[in-house]
Amino acid sequence: MREKQIIGRYDKIDLPDLHLFELDAKIDTGAYSSAIHYHHAEVIEKDGKKVLHFTLLDPTHPDYNDKSFYFDKFEERNIKNSFGDSERRFVIKATITIFGKNYETDFSLSDRGSLKFPILLGRKLLQKGFVVDVAKSNLSYKLKNKK
């Protein structure tokens, strides 16, 4: 059995598929899935296929780059928010880089503009080999900058 990686209550992560690096992410064991803040999302037709067109973050975020993404593999799911209310959200798969390793996971597109962290990492990702120590933070980021 592989030893679990300790992760703190928040960290800075990379999303190479989405051209976003060192983004603040909150670790949330109460959330099943992960979420990312989006600015705009719509289903459009491109080359005869339905695709999800979206931008991430928003113009007030320092890492906002107004880059458009087009995903032909996406889902719409009902996801409970932190208040227990069900919301219909788009869900994409993306690669997250943390502790120097890549993990593919689902991210729901969520309006997190009023929240401190644009990314939330939930249990679906954490069960891939992490244990949370809430007394610690930025462990992956500190390791990355040691190199």
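How many positive and negative side chains does the protein have, and how far apart do the centres of the two sets lie?

1. The protein has 26 positive side chains and 22 negative ones, and the centres of the two sets lie 7 Å apart. Lys and Arg count as positive, Asp and Glu as negative, with His and the chain ends left out, and each charge is placed at NZ of Lys, CZ of Arg, CG of Asp or CD of Glu.

2. This is a predicted model, in which local features need pLDDT of at least 70 and side-chain atom pairs count only at pLDDT 80 or more, while totals for chains, interfaces and linings use all residues. Residues are numbered from 1 along each chain as its sequence is written, and side-chain values use heavy atoms, without hydrogens and water.

3. Two helices and eleven strands make up the secondary structure (DSSP runs, H or I of at least four residues for helices and E of at least two for strands, numbered from the N terminus), and their order along the sequence is β-β-β-β-β-β-β-β-β-β-α-β-α.

4. The structure holds six aromatic pairs (Phe, Tyr or Trp rings, the six-membered one for Trp, with centres within 6.5 Å; planes under 30 degrees apart are stacked, over 60 edge-to-face, the rest tilted). Phe 74 and Phe 90 form an edge-to-face pair, 6.1 Å centre to centre with 70 degrees between the planes. Because Phe 74 lies in the loop between strand 6 (68-71) and strand 7 (75-80) and Phe 90 in strand 8 (residues 86-98), the pair ties together parts that are 16 residues apart in sequence.

5. Ring pairs also link Phe 54, Phe 69 and Phe 71 into a cluster.
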